[in-house]
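Subject: Structure for your reading

Dear colleague,

Please find below the structure that I am handing over to you. I would be grateful if you would look through it before reading the notes that follow.

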Amino acid sequence: MTFWTYRRRDNLVGYLFVAPALLGSLAFVLIPLGLVAWYSLNEWNVLGGTFEFIGGENYKQLLADEKLRESLVATAWFAAGLVVLNLSLALLLAVLLNQKLRGTTLFRTLFFSPVLVSLVAWTLVWQLMLQPDGSVNGLLSVLGVDGPNWLRGESTAMVSVIVVQVIKNVGLNMVLFLAALQGVPAPLYEAAKIDGAGAWRRFRSITIPLISPTILLTSIITIVGSLQVFAQIAVLTQGGPGTSTTVLIYYLYQQAFQFHHFGYGATISVLLFVIVAALTLVQWRMRRKWVLHEA
Amino acid sequence: MRRKVSKRNVALYGLLCVLCVPFVFPTWWMVTSSMKPISEIFSESLLPSEWTFSTYSQVFRMQPFGQQYWNSLYIAVIVTVGTMAVAALAGYAFARIRFPGQNALFVVVLTGLLIPSEVTIVPLFQLFQSLGLTNTHWPLIIVPIFGAPCVLAIFIMRQFFIALPPELEEAARMDGLGRAGIFYRIALPLSRPALGAVAIFTFLHSWNLYLEPIVYLSTPDMFTLPQALTQFVDIYGGPMFNVQLAAATMTAVPILVVFVLAQRQFIEGLAHTGVKG
């Protein structure tokens, strides 16, 4: 028997194949995450050149930070608004495009196209269109509505950021839903029809349960994505007016790279990580409860 | 022949057309307004009263825009190819090869999905600064190849390879092909749809990167497109909207054209992967 049995060689190939991914995530994901945890225990001002161990002081500051609380509220509103609007619009569009109708491919292309427009380009265009004398208000005035100064009002700024983001990316979820809808066996609908189920009933009792794995997938992607929205905020509102659109990630950027508080910035990063991890875990657990079957 | 344009279909078309407006109008407005004189940006006209193309040459005079275009393009291509390679290898090994510690290692890699790259930007900035690599493109290339987008890619590839029928590989093994040969000759060519989806995700992610460039890069000749778009200002610091829009048009339109040409493969590739993932 030689030392290099097929089994052993196979093991070696396995390790070699995963090595780049593994070393990469150690170097650029896991070790940096550990460093973030360490930095969060230190006072670190880049401009002042200070780096000193202060234990839990940053976390005390975190708990007392009024702006952070406002930022968490903004983040929650943003995430909730985005997920609800994105998923319901994506599902509506997918259902419409799943009808037997000529030209649905064209509409699918049109709804999907903003996904491909460069993010900052898209945001710049909306920034101009949302000005008080911009196209959005121009359109509204045709309908007889006197539009507000979208980006300067606290609630309208939040609505604007959410809507701009939803229109940009809803096409992705729409495509995923469309594929899921096309996977629902047609005989199920016919059987339900014979049993006298109306359109809404068929949608609720057949479509929704059967596409629930996709609903789970898209909601995880969308929620986690909503916590990473940076460019839109930076271009549209710079977190304003006041702190009304200062989502957590923008607050992190301000603290670390505008005010140069790296230690406190790292503390906010830890918080962001905990939130993302908790949300993902909760959603993963929930799949047993309301997802009919695994994809 | 039956011709049937039912009321229901008319209503559907009407609804689709109305819903289309916010998706299509911004792009239309971006392209047409980039050819308007700046005084007309805030008018409601759908077309410029006089067409001006000088904004397009101004883009190149105000910024090293050709260089910036090249920066974005070559970074996105390298990141895409690199991610495809790393993800295909790891995805294949996690799906098809049995080796000790496999599950533990897979969990380690998957944690990357839970960590948005923004969380680790402070230590990574520190790392690249100590290596003297700030204001270079290295951080924008290396980090994405191994960070969260790559983990998603590994996951997609693994799901794909798991679904591949084992008989194909067994036949190849009987013919004396080693593991690497099976991967390269059999599995990889079959995985083209999944690789395509990975390529699209990765390219767009890199192309849209904004936080990382503004953190790492400081001179205009190193900037990437998203960052460059915000830099078109007149001598008083006021933004030059029409020039901005011309630059934005040049950033967006090539990708849109490629998409329209290849849209079938594009959307179906994505949808396919979504169902499997």
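Apart from neighbours within four places in sequence, Ile154(B) is in contact with Ala21(A), Ala87(B), Ala90(B), Gly91(B) and Val109(B). Please bear in mind throughout that this is a predicted model.

Chain A is divided into domain 1 (6–53) and domain 2 (67–290). Their centres, taken over C-alpha atoms, are separated by 31 Å. The contact between them involves 11 residues from domain 1 of chain A and nine residues from domain 2 of chain A. On the side of domain 1 that touches domain 2, α1 (6–39) and β1 (42–45) of chain A each supply at least two residues. By class, the residues on that side of domain 1 of chain A are seven nonpolar, three polar and one charged.

**Where the chains meet**

How many residues of chain B are in contact with chain A? There are 75 residues of chain B in contact with 78 residues of chain A. The element that gives the most to the side of chain B touching chain A is helix α1 (residues 7–33) of chain B, with 13 residues. That side of chain B consists of 58 nonpolar, 13 polar and four charged residues.

**Chain B and one of its helices**

An unreviewed UniProt entry carries the annotation "domain: ABC transmembrane type-1" for residues 69–262 of chain B. Over these residues, chain B is 72% helix and 0% strand, and the end C-alpha atoms are 22 Å apart.

Helix α10 (residues 192–208) of chain B has 17 residues. From its first C-alpha to its last, α10(B) reaches 24 Å, close to the 24 Å expected at 1.5 Å a residue. Which residues of α10(B) are buried? They are Ala194(B), Leu195(B), Ala197(B), Val198(B), Ile200(B), Thr202(B), His205(B), Ser206(B), Trp207(B) and Asn208(B).

Yours sincerely,

A colleague

Conventions:
Residues are numbered from 1 along each chain as its sequence is written. Chains are lettered from A and ligands numbered from 1 in the order in which they are written. This is a predicted model: local features need pLDDT of at least 70, side-chain atom pairs count only at pLDDT 80 or more; totals for chains, interfaces and linings use all residues. Two residues are in contact if their C-beta atoms, placed from the backbone, lie within 7 Å. Helices (H or I, at least four residues) and strands (E, at least two) are DSSP runs, numbered from the N terminus. Ala, Val, Leu, Ile, Met, Phe, Trp, Tyr, Cys and Pro count as nonpolar, Asp, Glu, Lys and Arg as charged, and the others, Gly among them, as polar. UniProt positions are given in the numbering used here, feature names are shortened, and annotations may be inferred rather than shown by experiment. The expected span of a helix is 1.5 Å times one less than its number of residues. A residue is buried if 20 or more other C-beta atoms lie within 10 Å of its own, exposed if 12 or fewer, and partly exposed in between; C-beta atoms are placed from the backbone. Domain bounds come from an automatic or database domain assignment.
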